[in-house]
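Work through the exercises below with the structure open beside you. Try each task before you read its solution.

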Amino acid sequence: MRIYVKSSAGECVAIHTRVLRFAGFLRGNGPAHALYRRGVLAVTTLYLVQECVYAYKVRSDLDKLSRVMFLLLCHVTSLAKQLVFHFDSDSIKRLIDALEEPVFKNEGDAAMQLLKECTRRAWRVEAGYAGCAVLTCTLWLSFPIRDHTRGLHVEFPFASPQSTDASPMFAAVLLYSYYVTTLVGIANTTVDAFIATIIYQCQTQFRILRMELEKLPDTARTISEARKEAYETALTQQLAQRLQHYRHITWTVQSVQKIFGKAILVQFGIGGWILCMAAYKLVSLGVLSIEFASMALFICCILTELFLYCYFGTELSVESSHLAGSVYAMQWVGAPAQFRRSLLIVMECARRPLRLTASTLIPLSLDTFLKILKSSYTFYAVLRQTK
C-alpha cells in the first residue's frame, strides 16, 4: 500500500507523537491525560517491581532467572525513557516544535522529495518495529493460555498471587501482564523510532543544506534580478539564511543528546545483557516451536532498537562531514572578496562533523553496535559455561 505524506519536517514524527500520547508517555492536553500518564507510570513501575521480586525469589534457578531477566532489563530501559518524557516534557515539546520552524520549511522539488522520503521511512519503521513488538507480546499471551487449558499450573515471570489456577484469577493476571507488556513494547519501540527519526531528519536537513550551498551563487543571482537589488547583498543574505539553517540543525542534534543521552546510555549499557539473556533462553527452545519464534522476534526488536541509534548516528556524522566540501564546491571564484572570507569561516566551523553520543560517553556509531554484539556474545559464553 502506498503511503501519501506531507512534505513537512515536523510531519515525520507525527505518527510517533500520536502513539506516544496514546501510550501515556508524551504529554497531551488537559488534566485527564495528565492523570492517565501518571497511572501508566504507576502501573509500569509496579510491574517492574514485581519482576524484581520474582527475580530475587528464583535467583538460584538459572532457567527461571533467564526467563524473567531479559524482560526485566527491557522494562528498565523503557522506564528510563518514560521518566525522561515525564520530567523533561517541556524540552521535548520545544524539540518537536523546532521541527516546524520556518528554517526547516524547505522549498524546491529535491528538498520536498527528501522530506517525503524521510516521512515515509518514519512510518515504515514505526509500523514494522512496533508491529513486531505487538506480535511478540501476542505470541507470549498464547503460551499461558495453552498451558491453562491443558490443566497445567502457570507461573508468570513476575510476583503474582500464589495461585492462579482458578480461571477468574488467571484471566485477571494474564490480562494485566499482557496490557503492561504490550504497552511497554509499543511505547519503547516508538520512543526509539521517534529519536531515530529526529536524527534522520537532521541528516536530511544537512543534505538539503548542502544542495542549497552548492547552488547558492546561482540562487542569489536569480533573487537579485527578480528583486532588482545588488548581487552582493543577495549573496550575503542567502549565506546568512544557510548559516541560520546550520545552527538550527546543530541545536536540534544537541537537544536530542541533552534530553535523551542518559536514557540511551542505559539502553546501550543494558542492551548487551538483554541479548545475552534472550539468547540463553532461545537455545533451550525447539527451532520449530512458537516459543522459539517469539523469542527470535524479541531478539530482532532489541537488535533493531540498538541498530537504529547506531545507524542514523553514523549517517548523521557522515552527512555533516560533507558540508565543508559542499561549501567549497559552490561557484565562489567570481564572488566578492568579503563573501569568500566568510566562506573560509563557514568551512572551518563545518570541518568537524557532528557526532552523537550517549551521555557524552558512548558514540552512536556502527562500531558501537558491533561492540555491543561482541560483548553480549561474551556474556552468553560465560553464562553457558556456568550452567
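**Exercise 1. Find the volume of the second largest pocket and the residues closest to its centre.**

Solution. The model is predicted. Start with the volume: the second largest pocket has about 350 Å³. Next, turn to its lining, which counts 13 residues. Closest to the centre are Lys105, Asn106, Glu107, Glu212 and Arg242.

**Exercise 2. Which helix gives the largest share of the lining of the second largest pocket, and how do the lining residues divide by class?**

Solution. Then sort the lining residues by class: 2 are nonpolar, 6 are polar and 5 are charged.

**Exercise 3. Describe the largest pocket: its volume, its centre and its lining.**

Solution. The volume is about 580 Å³. The lining holds 24 residues, and those closest to the centre are Arg67, Trp140, Phe143, Pro144 and Pro157. Now trace the helices. H3 (62-87), H5 (109-149), H6 (167-214) and H9 (290-321) each bring at least two lining residues. H5 gives the most, with 7 residues. Last, sort by class: 15 nonpolar, 3 polar and 6 charged.

**Exercise 4. How many cavities of 30 Å³ or more does the structure hold, and what lines the largest cavity?**

Solution. Recall the method first. A probe the size of a water molecule, rolled over the atoms, shows where empty space is left. The structure holds 3 cavities of 30 Å³ or more. The largest share, 6 residues, comes from H6. By class, the lining has 10 nonpolar, 6 polar and 2 charged residues.

**Exercise 5. Is Phe292 buried, partly exposed or exposed? Locate Phe292 and list its contacts.**

Solution. Find Phe292 in helix H9. Its relative accessible area is 23%. Buried means under 20%, and exposed means over 50%. Phe292 lies between these limits, so it is partly exposed. Now list the contacts, leaving out residues up to four places away in sequence: Phe292 touches Leu282, Leu285, Gly286 and Val287. Finally, check a distance. Phe292 and Lys281 are 11 residues apart in sequence, and their C-alpha atoms are 9.0 Å apart in space.

Conventions. Residues are numbered from 1 along each chain as its sequence is written. This is a predicted model: local features need pLDDT of at least 70, side-chain atom pairs count only at pLDDT 80 or more; totals for chains, interfaces and linings use all residues. Side-chain values use heavy atoms; hydrogens and water are left out. On a 1 Å grid over the protein atoms alone, a cavity is a set of points where a 1.4 Å probe fits but cannot get out, and a pocket is an open set with protein on both sides within 12 Å along at least five of seven lines; lining residues have an atom within 4 Å of a point. Grid points are joined across faces, edges and corners, and a volume is the space filled by probe spheres set on the points. Helices (H or I, at least four residues) and strands (E, at least two) are DSSP runs, numbered from the N terminus. Ala, Val, Leu, Ile, Met, Phe, Trp, Tyr, Cys and Pro count as nonpolar, Asp, Glu, Lys and Arg as charged, and the others, Gly among them, as polar. Buried means under 20% relative accessible area, exposed over 50%, partly exposed in between (1.4 Å probe, protein chains only). Contact means heavy atoms within 4.5 Å.
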